[in-house]
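Hello,

Here is the structure for your files. My notes follow below it.

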Amino acid sequence: MTNKESITYRELLNWGASFLKQYNVEEAVARWLLFERLGWTLTDFVRQSEQVVEAGVRQQFEQDIKQAATHYPPQYIVGHEWFMDCAFKVTEATLIPRPETEAWFSQYVEQLSDRSLTVVDVGTGSGVLAICHKLARPQDTVWAVDISEAALAVARENATNLGAEVQFLCGDLLKPFIESNEDWEVDLIVSNPPYIGAEEWADMDQSVREFEPKQALFAADNGLALYRQLAKQAVQLLPESGQLIVEIGFRQGEAVQEIMQASFPHRIVNIEQDINGLDRVVHVK
């Protein structure tokens, strides 16, 4: 960084973008980091871009940029990511929420019946699906399950911070319900499970490979193992009117559809595309 005693926000941002470019990190990361730290919009930046940066802001930004240059995810640096206009805490124990997930969530939640439903989010991670569902539909009873206690701690904190009454359970997929002594009947199961096969490792971004939790990313059997387990378990909980919605890898549509159809032979099982026209969801209706 330049040794100038004073520097404007525009100069600071230009330095950050140039620094990241040297390390093959997208230059847009610099702007995201600066704006998130300051709580700024683009309009705020335009208005204040020629003002002199305070020493503390400059020091924090330089530290953030140097960390981002190692391909450490910027969401982990600031400690949050946005999902449905809510800031969710994220740590290395949780997967970083993606826009593709937000897109299919917003579609399904608008199409549900007005009646109160019992909903289970399997593999909740930071809790985005369960919490946003509860915020959108406070009349529903929402459960969230994850095998990672560390992820559940983050999800619980997010629920508290966002004022969402969600019930959390630690366990493997739907086993906490199946192995309980209660007679469960669930109206809707949603899940963004680990679905990346080991052969796709080389195709992943460096930041994902090195820093996001592998337990939340990878699954055996070319990424299909957890779909097979989930389908067998879901049959035991879903009534005829119940629905199952799972996120998939864009190459997995037909394979996951076959898995779900085998467990639900008399149901409609659709493959649904994302905003880019790629297979993104398998929906059992």
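Which residues does Pro194 touch, not counting residues up to four places away in sequence? They are Gln215, Ala216, Leu217, Phe218, Ala219, Gly223 and Leu226, where contact means heavy atoms within 4.5 Å.

On the source: this is a predicted model, in which local features need pLDDT of at least 70, side-chain atom pairs count only at pLDDT 80 or more, and totals for chains, interfaces and linings use all residues. Residues are numbered from 1 along each chain as its sequence is written, and side-chain values use heavy atoms, with hydrogens and water left out.

Pro194 sits in the loop between β6 and α10 (DSSP runs numbered from the N terminus; helices are H or I of at least four residues, strands E of at least two). Pro194 is buried, at 13% relative accessible area (buried is under 20%, exposed over 50%, partly exposed in between; 1.4 Å probe, protein chains only).

Tyr195 is in the loop between β6 and α10 and is buried at 14%. Beyond four places in sequence, its contacts include Glu200, Tyr227, Glu247, Gln252 and Arg280.

Ala198 lies in the loop between β6 (188-191) and α10 (206-211). Ala198 is exposed, with a relative accessible area of 62%. Its C-alpha is 7.4 Å from that of Ala220, 22 residues apart in sequence.

An unreviewed UniProt entry lists Asn192, Pro193, Pro194 and Tyr195 under "binding site"; positions follow the numbering used here, feature names are shortened, and annotations may be inferred rather than shown by experiment.

Regards
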